[in-house]
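Biologist: I would like to learn how to read salt bridges and pockets in a protein model. Could you walk me through an example?

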Amino acid sequence: MTSATLAQIRAASPLIHCITNYVTVNDVANVLLAIGARPIMADDPEEVEEITALCAGLCLNIGTLNARTIPSMIAAGKRARALGHPVVLDPVGAGASRLRTATALRILDEVRPTLIRGNISEVRTLAVGTGTTKGVDANAADAVTEENLAAAADLLHAFAARAEAIVAVTGAIDLVTDGRDCYAIRNGRAEMGQVTGTGCQLSALLAAALAAAPADPLAAVSETVVLMGVAGEIAWAQMGEHDGNATYRTRIIDAIYRMNAEDLNARMNITKL
């Protein structure tokens, strides 16, 4: 596997429609610009279908749900799929409340997203109907480890095949599967969990990757998950003695902006299971 997806995103500069949460919306916009894509944020029911028709991809993030944005997500998702555009679902906090879980399952059923990206607890909730999400964070009991890697891969493999979607679970070990092949990715830093929104940013980047590299979606997703992890590694190496998580947040975005194929290929740590 190579860094080809990065070059394809920069060449295509896809316009990505994000219906995302207000906690991270600015970082999502900036990370799309950093990789060479273009963001647009629109969540009013009166315009979401029109906006998404202009775009190359759609990212649906349920982090701050409300009665207005749920129908907007469904409408935009259906429009994007009708047009053949990739749709990414980020089921933030699925398992933490009935509303979040029901909404994520409804999007799965009515939109049929191209990709589902979340932490292991969120994805487990969607796969088996129950989960132990701790707010918007994964439960440590669900964490993917070297010891349970095979079992976790089997769970996600079956879920991806059933959902007819690519599934990407991110954590200490990332797993990406399309229901046929599965990759384990060991890039990134634990400190990325101290920055709000790295998962939200990745979901938007994945929408850009799928839009720019449709010929091999599994490779596009896997390479982009690697890229985010490598950015976290590069950013951490640049941290100073008095820097904290606010600086780290900015350095991650800067690392994506300055990412090149050489660094990405040299640091890539991905294995096929």
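**Reading salt bridges and a pocket**

Modeller: Gladly! This is a predicted model. Let's begin with one side chain: Arg-106 is partly exposed, at 36% relative accessibility.

Biologist: Which residue does Arg-106 meet in a salt bridge?

Modeller: A salt bridge pairs a side-chain nitrogen of Lys or Arg with a carboxyl oxygen of Asp or Glu within 4 Å. Here Arg-106 meets Glu-110, with 2.9 Å from N to O. Glu-110 is partly exposed as well, with a relative accessible area of 30%.

Biologist: How far apart are Arg-106 and Glu-110 in helix H5?

Modeller: They are four residues apart in H5, which spans residues 98-110, so about one helical turn separates them.

Biologist: Where do the partners lie in the salt bridge between Arg-112 and Glu-164?

Modeller: The side chains of Arg-112 and Glu-164 meet at 3.7 Å, N to O. Arg-112 sits in the loop between H5 and strand E5 (115-118), while Glu-164 sits in the loop between helix H7 (149-163) and strand E6 (166-169), so this pair ties together parts 52 residues apart in sequence. Arg-112 is partly exposed at 33%, whereas Glu-164 is exposed at 64%.

Biologist: How many salt bridges does a search of the whole structure find?

Modeller: It finds eleven. One of them links Asp-27 and Arg-249, whose closest N and O atoms are 2.8 Å apart. Asp-27 belongs to helix H2 (residues 25-35) and Arg-249 to helix H10 (residues 245-257), so the bridge ties together parts that are 222 residues apart in sequence.

Biologist: Is Asp-27 buried or exposed?

Modeller: Residues under 20% relative accessible area count as buried. Asp-27 has 7%, so Asp-27 is buried.

Biologist: Now for pockets. How is empty space found?

Modeller: Picture rolling a probe the size of a water molecule over the atoms: this shows where empty space is left. In this model, the second largest pocket has a volume of about 230 Å³.

Biologist: Which residues lie nearest the centre of the second largest pocket?

Modeller: Of its 16 lining residues, Thr-114, Ile-166, Leu-210, Pro-214 and Pro-217 lie nearest the centre. H7 and helix H9 (217-237) are the elements giving two or more residues to the lining.

Biologist: What classes of residue make up that lining?

Modeller: The lining of the second largest pocket has nine nonpolar, three polar and four charged residues.

Technical notes. Residues are numbered from 1 along each chain as its sequence is written. This is a predicted model: local features need pLDDT of at least 70, side-chain atom pairs count only at pLDDT 80 or more; totals for chains, interfaces and linings use all residues. Side-chain values use heavy atoms; hydrogens and water are left out. Buried means under 20% relative accessible area, exposed over 50%, partly exposed in between (1.4 Å probe, protein chains only). On a 1 Å grid over the protein atoms alone, a cavity is a set of points where a 1.4 Å probe fits but cannot get out, and a pocket is an open set with protein on both sides within 12 Å along at least five of seven lines; lining residues have an atom within 4 Å of a point. Grid points are joined across faces, edges and corners, and a volume is the space filled by probe spheres set on the points. Ala, Val, Leu, Ile, Met, Phe, Trp, Tyr, Cys and Pro count as nonpolar, Asp, Glu, Lys and Arg as charged, and the others, Gly among them, as polar.
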